[in-house]
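Dear colleague,

Please find the structure below.

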Amino acid sequence: EKTVFWVWDYYPISHPSMFVRILRRLYWQFDKFATYSDRVIYLHQRLVEVRKDHGLFEKNKKCIVVPIGTGHMLPVKKKDFQEIKIGFIGVLKRSQGLGMVMDSSKVLLKYFKNLSFEIIGSGQDDEFFKKKRKISSNVKYNFYGLVSEKEFKKILYSCTIGIAPYSPEEGTVSRYTDPGKPKRYIEFNLPVITTDVIEISKELKENGAGEVIKYNDYEDLANAIKKIIKKYGAYIENVRRLHKKYYYRDIYPSIFGFDR
């Protein structure tokens with residue numbers, strides 16, 4: 001009898017393409033109506049603020065924020081640092097920052113002789129990245145494409161770190177959502193390397209569960225990997241603490257107005 005609207009995205013009107021700007025303006029008109037549901041939940045605080053800025057509701061209104069939750073906590077698997085494996089999951093498109101990672105290969109090889117990137121996912125820029133791999137240096141980039149859940153777990157469990165290097169390009173949607181990528185890394189007890197584009201980056205850094213790097217700063221990326229490897233045990237403990245905070249069974253009941 002009631003409708004709960006869980007707001008996950010905001011599409012900024014500013015975008016290099018006029019066609020995209022027009023589509024986003026149209027989308028925004030429908031989104032306005034949806035926020036008059038019986039109960040409205042927001043994925044994170046930035047989504048609340050942008051709607052206040054657009055005058056959808058008064059500035060002092062209290063809103064319910066429920067982020068993406070983490071799944072069941074998996075046991076910690078002992079890591080062998082003979083080979084450092086960095087996991088990347090998600091849609092293969094340039095705004096996800098994979099190109100920046102591949103461009104950093106020569107710098108990374110100065111510090112890490114046995115480094116690989118385990119890449120799960122597919123997308124519009126598949127061929128672009130696979131061609132880029134051919135001209136990259138000796139860092140290994142293993143593209144798995146779309147895989148079963150069993151294979152997904154096997155690959156991520158073998159990784160040392162998870163990476164989510166979002167590009168700070170104008171009009172990016174990532175700035176206004178709560179990407180599931182870092183949460184999945186946390187489920188697998190992986191410290192996270194990301195950029196400050198996403199809201200959770202501050203929390204990862206402040207809680208010692210990951211590192212925040214400057215986009216296109218290859219030395220910064222190398223230093224982040226070194227920091228994590230040096231105090232790996234401490235990072236894992238902090239990741240597990242953050243996992244408990246976001247455990248879905250504890251935070252999702254509030255979507256429907258229930259307390260735990």
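How many disulfides does the count come to? A disulfide is a pair of cysteine sulfur atoms within 2.5 Å, and by this rule the count is zero.

Please note that this is a predicted model, in which local features need pLDDT of at least 70 and side-chain atom pairs count only at pLDDT 80 or more, while totals for chains, interfaces and linings use all residues. Residues are numbered from 1 along each chain as its sequence is written, and side-chain values use heavy atoms, with hydrogens and water left out.

Burial is given as relative accessible area: buried means under 20%, exposed over 50%, and partly exposed in between (1.4 Å probe, protein chains only). Cys159 is buried at 0%, whereas Cys63 is partly exposed at 22%.

Helices (H or I, at least four residues) and strands (E, at least two) are DSSP runs, numbered from the N terminus. In strand S5 (residues 115-120), six of six residues are buried. One side of S5 carries Leu115, Phe117 and Ile119, and the other carries Ser116, Glu118 and Ile120.

Two strands pair if DSSP finds at least two bridges between them. S5 runs parallel to strand S4 (residues 84-89), with six bridges, and Phe88 has Ile119 as its bridge partner. S5 also runs parallel to strand S6 (residues 140-145), with five bridges; here Phe117 stands opposite Tyr141.

Finally, Asn189 has a positive phi near 60 degrees. Asn189 lies in the loop between helix H7 (180-187) and strand S8 (192-194) and is buried, at 3%.

With kind regards
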